Amino acid sequence: MTIRMPKDLELFINDAVRAGRYAAEDEVVSDALIRLRKQLPPPPASPGPGLIGAMRDDAELLDEVTQNVMENRRTRALRIAPDA
């Protein structure tokens, strides 16, 4: 993985390693990310249906409405059709 960062952060990381607080640059970044993860709120337990789920639900509703319209047209056509 390649990570690009501003020069001042790069210098901060290098200084932390030179000072002996960390053995390598990747340890500084890992420690920072672990601390950040502890501060952030946890992600929601259930993301919900999402866009795909909503689209699927809408498609099912559209199918149902279409079937109802077609059934109503057939019923109306049978009532209007002349007796033979």
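Predicted model: local features only at pLDDT ≥ 70, side-chain atom pairs only at ≥ 80, totals over all residues.
**View 1. Accessible surface and overall make-up of the chain.** Residues are numbered from 1 along each chain as its sequence is written, and side-chain values use heavy atoms, with hydrogens and water left out. The chain has 3 helices and 0 strands, and its elements run α-α-α from the N terminus on; helices (H or I, at least four residues) and strands (E, at least two) are DSSP runs, numbered from the N terminus. Of the 84 residues in the chain, 7% are buried, where buried means under 20% relative accessible area, exposed over 50%, and partly exposed in between (1.4 Å probe, protein chains only).

View 2. The buried residues of α1 are Ile13, Ala16 and Val17. Seen down the axis of α1, these buried residues fall within an arc of 100°, so they line one face of the helix, the arc being that of the directions from the helix axis to the C-beta atoms. Exposed residues Lys7, Asp8 and Arg18 are carried on the face of α1 turned away from its buried side. Helix α2 (25-39) is included in what covers the buried residues of α1, contact meaning heavy atoms within 4.5 Å. After α1 comes Gly20, whose phi is positive, near 90°.

View 3. Glu27 lies in helix α2 and is partly exposed, with a relative accessible area of 38%. The C-alpha atom of Glu27 is separated by 9.9 Å from that of Ala16, the two residues being 11 apart along the chain, and Ala16 is one of the buried residues of α1.

View 4. A search of the whole structure finds 2 salt bridges, each defined as a side-chain nitrogen of Lys or Arg within 4 Å of a carboxyl oxygen of Asp or Glu. Asp15 pairs with Arg18, their closest N and O atoms being 3.5 Å apart, and these residues, 3 apart in helix α1, are separated by about one helical turn. Asp15 is partly exposed at 40% relative accessible area, whereas Arg18 is exposed at 61%. In helix α2, Arg35 and Asp31 are 4 residues apart, about one turn of the helix, and form a salt bridge whose closest N and O atoms are 3.0 Å apart; Arg35 counts as exposed at 52% relative accessibility.

View 5. Leu61, Val65, Val69 and Met70 make a nonpolar surface patch of about 320 Å². Patches are made of residues with over 30% relative accessible area and no salt bridge, like charges being joined within 9 Å and nonpolar side chains (Val, Leu, Ile, Met, Phe, Trp, Tyr) within 5 Å. Val69 is found in helix α3 (residues 50-80) and, at 37% relative accessibility, counts as partly exposed.

How values were computed
Areas by Shrake-Rupley, 256 points an atom, 1.4 Å probe, with all protein chains shown as cover.
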